[in-house]
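Trainee: Could you walk me through this one? I'm new to it.
Mentor: Gladly; take a look at it, and then ask away.

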Amino acid sequence: MSGEDTRARFERIVQPHLGDAYALARWITGDRADAEDVVQEACLRAFRAIGGYAGGNTRAWVLTIVRNTAYTWLARNRNAVVTAVDDLAAIEHANANRAEAAAGGAYAANPESELIATADAARLEAAIAALPAHFRDTLVLRDIQGLDYREIAAVTEVPVGTVMSRLARARQRLVREIEAGE
Amino acid sequence: MMAVTTQGEDDRAILLVHAYVDGELDPANAIAIEQRMAAEPRLAAERARVEALRRTLRERLPQQTAPPGLEARVLRTVGLTGTRARPTWLALAASVMLAIFASSGGTWFALQPSGGEGTAEAVIGGHMRALMAPQPIDVASSDRHTVKPWFNGRIPQSPRVIDLAQDGFPLVGGRVDVVGRMPVPSLVYSRRQHVISVTAIPDASVAIDKSQSARGFNVIAWTADGVTYWAVSDLNPGELQTFARLFRDAAP
């Protein structure tokens with residue numbers, strides 16, 4: 001592959017997604033400067049791997065590399081270990097709590113929705129930042145970056161069913177967080 | 001473990017509510033969960049919460065944009081500093097091609113002979129069948145974030161979905177048509193009581209920019225990014241031209 005080819009491919013496949021790449025890195029690391037470093041490193045990886053890019057969704061491909069880079073970066077620089085939280089028991093427990101809470105009050109969807117709708121940005125950001133890592137990146141990819149389930153499954157390298165349950169848990173936690181703060 | 005089974009069933013319904021709001025369910029599952037939401041306040045409340053949360057996240061969070069220097073820094077890192085002549089040239093070439101097509105008037109640009117005619121017939125056929133059906137659409141939504149994901153799993157590539165409500169062409173929904181032997185996405189817009197179908201065919205080999213009328217319908221076709229778009233409607237040619245221009249010029 002000639003240098004010109006690689007350049008053209010990089011411009012076509014990676015460059016259009018720099019904004020999304022940065023936003024995802026920013027949500028995962030929680031820091032602007034760190035996000036820039038992650039994007040830079042991810043782009044270098046993408047550039048080296050671009051000869052092997054086999055086609056398909058370019059955004060999902062780029063975001064997969066960004067996500068992996070962000071987690072290795074965190075592990076290296078902050079000793080952070082990403083714990084898996086897709087523990088079935090925890091999910092059942094959380095769900096039981098929600099059902100209990102719901103049973104306690106009336107199903108007044110409107111005032112509740114209003115409460116959610118008026119949550120301020122700082123509080124939202126904090127609540128998202130406080131989510132367990134894989135809940136957070138699934139939520140960010142769907143509700144902020146607008147990827148569909150199949151794309152998220154590709155980026156986070158899990159089955160669609162796992163994406164669905166992570167997303168539902170993430171949203172339920174956010175809602176609880178917002179309601180608790182009012 | 002008995003409790004887990006019923007809990008699991010509950011859990012599944014909740015996941016389906018989320019998938020419903022995300023436009024990820026096929027029509028059969030969507031109808032099933034709609035019925036359950038109507039019957040079970042618990043699920044209706046979950047839907048209200050998810051919709052409120054999604055709206056809040058969309059409207060209240062500040063846009064995360066990459067810092068201005070990032071692109072240059074990235075290009076330096078990978079050793080691609082300096083000129084970006086290629087995309088500029090491509091963009092220029094694309095606009096020149098567009099200008100040629102636009103000025104071609106009555107010329108039928110078909111690099112693949114007869115491909116264009118056959119496609120036009122198939123596209124008009126899809127539009128007519130849709131008008132005869134109880135609903136001209138398989139997914140009914142004015143939200144492009146619902147319509148776009150709906151196509152996933154049904155066709156290889158989701159179409160570009162554009163919101164033209166502000167210009168007086170509200171999105172109504174989408175459906176899958178079959179052209180040749182290929183399932184292709186059609187977006188449905190409305191103008192007053194007229195229905196406009198936009199069928200996107202990923203085939204750059206039929207390069208055309210042409211308006212015509214056939215069987216009482218006006219048809220406009222144009223090509224962009226390797227996809228040929230066919231707009232079909234009984235709307236008058238002038239307004240259909242306006243629609244096509246808006247669609248073509250809109251940011252994705």
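**Two chains, step by step**

Mentor: Chain B has a secondary structure of eight helices and seven strands, where helices (H or I, at least four residues) and strands (E, at least two) are DSSP runs, numbered from the N terminus. Please keep in mind that this is a predicted model, in which local features need pLDDT of at least 70 and side-chain atom pairs count only at pLDDT 80 or more, while totals for chains, interfaces and linings use all residues. Residues are numbered from 1 along each chain as its sequence is written, and chains are lettered from A and ligands numbered from 1 in the order in which they are written.

Trainee: And what does the secondary structure of chain A come to?
Mentor: Chain A comes to ten helices and zero strands, so that reading along its sequence gives α-α-α-α-α-α-α-α-α-α.

Trainee: How much of each chain is buried?
Mentor: In chain A, 39% of the 182 residues count as buried, and in chain B buried residues make up 33% of the 252. A residue is buried if 20 or more other C-beta atoms lie within 10 Å of its own, exposed if 12 or fewer, and partly exposed in between, with C-beta atoms placed from the backbone.

Trainee: Changing topic, how many residues of chain B are in contact with chain A?
Mentor: There are 44 residues of chain B in contact with 44 residues of chain A, contact being defined as C-beta atoms, placed from the backbone, that lie within 7 Å.

Trainee: Which helix gives the largest share of that side of chain B?
Mentor: H3(B) does, with 14 residues. By class, the side of chain B that touches chain A has 22 nonpolar, nine polar and 13 charged residues; Ala, Val, Leu, Ile, Met, Phe, Trp, Tyr, Cys and Pro count as nonpolar, Asp, Glu, Lys and Arg as charged, and the others, Gly among them, as polar.

Trainee: Now helix H8 of chain B, which of its residues are buried?
Mentor: The buried residues of H8(B) are Leu240(B), Phe243(B), Ala244(B) and Phe247(B). They lie on the same side of H8(B) because they cover an arc of only 100° around the axis, the arc being that of the directions from the helix axis to the C-beta atoms.

Trainee: What do they pack against?
Mentor: The buried residues of H8(B) pack against strand E4 (194-201), strand E6 (217-224) and strand E7 (227-233) of chain B.

Trainee: And which exposed residues are on the face turned away?
Mentor: The face of H8(B) turned away from its buried side carries the exposed residues Gly238(B) and Asp249(B).

Methods
Contact = placed C-beta atoms within 7 Å.
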